[in-house]
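The sequence and structure are shown first.

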Amino acid sequence: MQIGMIVSRVRREEKLLMEAFQARGIQIDVLNDGELILHPLDPDPRWLAYDLILERSISGSRTLATLQILETWGVPTLNNYHTASICSDKLSTTLALARHSVPQAQVSIAFSEESILEAIENRGYPAVLKPLTGSWGRLVTKVNDRQSAEAILEHRFTLGNYPYHTGYVQDYVHKPNGRDIRSFVVGDRTLCAIYRTSQHWITNTARGGVATNCEITEEIADISQRAAAAVGGGIVAIDLFETEAGYLVNEVNHSMEFRNSIEPTGVDIPAAIVDFALQTADEGAALHEVQL
Amino acid sequence: MANPTCTECGAEINLPEDVVLNEILPCPECGVELEIIDLDPLTLALAPEVEEDWGE
């Protein structure tokens, strides 16, 4: 079986994945996205020989371009372009969740300084202003009052490029005990979940949030798997808010980091990813044989 | 062979036995992130700065 893994850099996650493949007797090719030259109109036989490409690039734009080309060539990828493209865009994620009736935080979209301000006022303070793309909580802003809103919007419209001129305004959801939940879904299974606790309102572990085990209840498993299915499935991490009315999805991530979640959950996340990747590659090969 | 040194502060970097190309190693003294950009000869460079579209 020939497996490739696209990376931008080899982080702890990629190293653990390589080890998990090795433990199953599979030596994978590690492909650095910074060195790739792809000719979309001229499928490369070296790529066509892969049974699966596991996409682990840290760059959102490289991920989407590469997956789009490989899928057009018929190379099986994980995640696929559909899932990655939806998760890469917060509005696309919101709409995908809505189409599948998955509970989520309320959102408004507006496009001018004046209309975004009005949207924030209508949602009520505090509100959360997010860029449509981006990760690790970058430029995610808690807007506490009108003066802050005016200042933030003036900065965005004066200094920001046009992608930052679309206002994605989300209800601020109070986090009990300063925590939210991240669950890990691989295929149709919710593997494990962590609480992310922080004194800061942004709880990303990349920003200092502390991970502890969160027991997977039936309700967490259900909303996690429904959210994963809504964005196209594969290997995803779901960020959940806890509210009195139940769980709400905040975001869905398609290329998750998991180094801080293995120890608290006791779950071998890379092993589960690799097993799912091998299963996906097998199914792709079987489908290919049927088509032949 | 002697261990490589940090390109920023000159500290000695202890390499893991299973070091791989493009692996990121933090310098234990100055804290910068170093990237293995060649295995033969073993070469370290400062890892790229975080870009706007990086994430998960």
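## The parallel sheet of chain A

Two strands are taken to pair if DSSP finds at least two bridges between them. On that basis, the model, which is predicted, contains an open sheet of 4 strands in chain A, with the order β2-β1-β3-β4 and parallel pairing. Its edge strands are β2 and β4 (77-78) of chain A, each of which pairs on one side only.

Strand β1 (residues 3-7) and strand β3 (residues 52-56) of chain A are joined in the parallel sense by 5 bridges. Within this pair, A:Ile3 stands opposite A:Leu52 of β3(A). Helix α3(A) packs on the sheet, where it touches β1, β3 and β4 of chain A, and its direction makes about 170° with that of β3(A). Helix α1(A) lies across β1 and β3 of chain A and runs at about 175° to β1(A).

## The loop at A:Pro43

Between β2 (29-32) and α2 (45-48) of chain A there is a loop that holds A:Pro43. With 16 other C-beta atoms within 10 Å, A:Pro43 is partly exposed, because this class lies between the limits of 12 or fewer for exposed and 20 or more for buried.

Residues up to four places away in sequence aside, A:Pro43 touches A:Leu48 and A:Trp73. The C-alpha atoms of A:Pro43 and A:Ile69 are separated by 8.8 Å, although these residues are 26 residues apart along the chain.

## Helix α5 of chain A

Which residues of helix α5 (residues 90-99) of chain A are buried? They are A:Lys90, A:Thr93, A:Thr94, A:Ala96 and A:Leu97. Viewed down the axis of α5(A), these buried residues fall within an arc of 165°, so they line one face of the helix. In general, an α-helix has 3.6 residues a turn, so residues three or four places apart point the same way.

The cover over the buried residues of α5(A) includes α4 (81-87), β5 (107-110), β6 (127-130), β8 (167-171), α8 (218-230) and β13 (246-253) of chain A. Just after α5(A), A:Ser101 adopts a positive phi of about 55°.

## Domains of chain A

The domain assignment divides chain A into domain 1 (3-86 + 272-291), domain 2 (107-171) and domain 3 (174-267). Taken over C-alpha atoms, the centres of domain 1 and domain 3 of chain A are separated by 24 Å.

Contact between these two domains of chain A involves 15 residues of domain 1 and 14 residues of domain 3. On the side of domain 1 that touches domain 3, α1, β3, α4 and α10 (269-291) of chain A each supply at least two residues. The largest share of that side, 4 residues, comes from α4(A). By class, the residues on this side of domain 1 are 6 nonpolar, 5 polar and 4 charged.

Chain B has 0 helices and 3 strands, and its pattern along the sequence is β-β-β. Along the principal axes, its C-alpha atoms fill a box of roughly 40 × 20 × 15 Å. Of the 56 residues in chain B, 16% are buried. Among contacts in chain B with a separation of 6 or more, 21% join residues 24 or more positions apart.

Between the chains, 19 residues of chain A are in contact with 12 residues of chain B. The elements giving two or more residues to the chain A side are α1 (12-23), β2 and α3 (60-73) of chain A. That side has 7 nonpolar, 8 polar and 4 charged residues.

Notes:
Residues numbered from 1 in each chain as written. Chains lettered and ligands numbered in written order. Predicted model: local features only at pLDDT ≥ 70, side-chain atom pairs only at ≥ 80, totals over all residues. Contact = placed C-beta atoms within 7 Å. Nonpolar A, V, L, I, M, F, W, Y, C, P; charged D, E, K, R; others polar. Arc of directions from axis to C-beta. Axes fitted to C-alpha atoms, helices over the stretch in contact; angles between N-to-C directions. Domains from an automatic or database assignment.
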